[in-house]
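Please look through the model below before reading on.

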Amino acid sequence: MQVTRRQFFKICSAGLGGSSIAMLGYSPTAALAEVRAFKLAKATETRNMCPYCSVSCGVLIYSTGDKSKNSKADIFHIEGDPDNPVSRGTLCPKGAGLLDMVKSPNRLKYPEVREPGSNEWKRISWDEAIERIAKHMKADRDANFVEKNDAGVTVNRWPTFGFLASSAAGNEAGYLGKKVLRGLGVIGIDTQARI
Amino acid sequence: MALQSLDIARRSATTTPAPGARQTTEVAKLIDVSTCIGCKACQVACMEWNDLRDEVGNCVGVYDNPADLTDKTWTVMRFAEVEQGGRLEWLIRKDGCMHCADPGCLKACPAPGAIIQYANGIVDFHQENCIGCGYCVTGCPFNIPRISKEDSKAYKCSLCSDRVAVGQAPACVKTCPTGAIMFGSKEQMKEHADKRIRDLKSRGFANAGLYDPQGVGGTHVMYVLHHVDKPQLYSDLPKDPAISPLVSLWKGMAKPLASLALGAVALGSLFHYVMKGPNEVSKESEREAEKEESQ
């Protein structure tokens with residue numbers, strides 16, 4: 001297309017004039033504005049407990065994907081569980097920030113062991129960890145188990161071992177824990193049931 | 001058919017009227033200052049939901065942390081120690097956008113569609129249309145919007161418009177462990193406030209009342225205060241907030257006058273062109289100019 005000097009100036013001035021009028025608010029723009037899309041719409045919702053204190057507030061954990069074979073779930077939001085009778089959907093500042101605990105670079109994600117005499121933590125598998133704990137327990141119990149006290153009364157105590165349970169355990173887990181531990185003769189059972 | 005989940009009531013720098021046939025319930029958030037313990041769960045829940053993470057701040061000698069609202073902190077607890085009637089009172093106020101019925105930010109905003117008021121009362125910023133001029137900061141009677149240093153866009157509380165649009169309560173409301181923050185229709189919130197105020201009055205707070213300032217047409221975030229007669233006690237909550245007269249001067253007079261002046265200039269130029277014609281150079285003056293150049 002051939003544009004003369006004069007036509008070029010005309011096109012420029014028409015463009016400038018038109019856009020100036022539009023900028024002054026004379027151009028009717030469609031009244032469109034959408035809110036941010038609700039990010040949980042099809043996320044996978046998993047019910048759980050806040051791990052921090054003994055109040056054990058209920059939380060809903062939202063992760064990406066629908067648990068199908070090829071989609072890797074990634075937790076991206078955590079909020080209170082309204083059906084939990086303890087917290088009814090509310091969370092304290094620590095609970096409200098649980099997502100950052102899940103994503104924290106300092107979070108322990110696998111068992112580690114520091115051997116006697118060593119100053120380094122070494123990563124081990126869950127099987128190794130459980131076996132190691134069981135062996136230590138067995139050795140300690142065999143060495144220190146008290147079957148009868150000085151008066152000859154059967155007591156079945158294991159006084160050299162302690163167990164720290166979770167505060168977030170429900171009735172059933174608490175019952176089973178108590179059964180197993182008392183069965184072994186453990187006296188020192190505590191929970192992190194405090195803030 | 002509406003193309004959005006919430007009906008629009010007003011849109012910044014837009015002259016076309018918004019659709020108004022549908023009836024939408026007005027929503028409100030009620031902050032009961034007297035039951036707030038200042039735990040800041042609302043601050044954390046706000047950041048978590050809105051995908052914001054402000055920088056870790058420093059202790060400035062009081063519990064306020066961060067010390068002020070930022071582009072990434074849309075709500076902040078303000079702690080005030082005041083003496084009232086010989087007693088020390090620790091007044092904690094959750095500060096953030098009040099979602100005015102007559103929003104100064106929206107009135108001042110020159111960018112079309114950067115600030116939206118939905119029919120349910122929420123005032124929302126749309127950063128993609130924001131030009132970063134900061135007029136909303138001038139227009140706000142509560143000093144709420146903050147301009148980001150990274151992208152030069154204005155940010156503030158959206159009252160979790162994305163949650164409200166699907167029938168959920170804002171994140172701060174849901175998390176509040178003491179129930180100091182409530183959410184519902186504005187009517188319900190006023191009823192709830194009445195109950196709280198009666199209770200406070202029976203406990204000796206004769207001046208307890210609801211903060212729903214009429215200077216900005218009422219707000220969609222309201223406070224129950226023990227001393228509604230002295231809101232400035234609560235970290236300078238304004239007693240009679242109103243939109244700055246500069247905004248009405250600019251929007252009410254200056255803008256049409258400027259448009260008129262611009263139109264007059266265009267019209268004048270047209271008349272000048274018709275009457276005087278284009279500027280023509282005579283051959284003599286051209287020769288003279290050539291002579292001067294050659295010298």
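**Notes on the model**

1. Asp51(B) lies in the loop between H1 and S3 of chain B; helices (H or I, at least four residues) and strands (E, at least two) are DSSP runs, numbered from the N terminus. Phi of Asp51(B) is near 55°, a positive value in a residue other than glycine. Asp51(B) counts as exposed because it has 11 C-beta neighbours inside 10 Å. A residue is buried if 20 or more other C-beta atoms lie within 10 Å of its own, exposed if 12 or fewer, and partly exposed in between, with C-beta atoms placed from the backbone.

2. This is a predicted model: local features need pLDDT of at least 70, side-chain atom pairs count only at pLDDT 80 or more, and totals for chains, interfaces and linings use all residues. Residues are numbered from 1 along each chain as its sequence is written, while chains are lettered from A and ligands numbered from 1 in the order in which they are written.

3. Pro66(B) is placed in the loop between helix H1 (41-49) and strand S3 (76-84) of chain B. The peptide bond joining Asn65(B) and Pro66(B) is cis, with omega about -5°. Most peptide bonds are trans, and most residues other than glycine have a negative phi.

4. Cys160(B) sits in the loop between strand S8 (154-155) and helix H4 (161-165) of chain B. Its phi is positive, near 45°. Cys160(B) is buried, as 26 other C-beta atoms lie within 10 Å.

5. Chain A has five helices and eight strands. Buried residues make up 11% of its 195 residues. Along its principal axes, the C-alpha trace of chain A spans about 120 × 45 × 35 Å.
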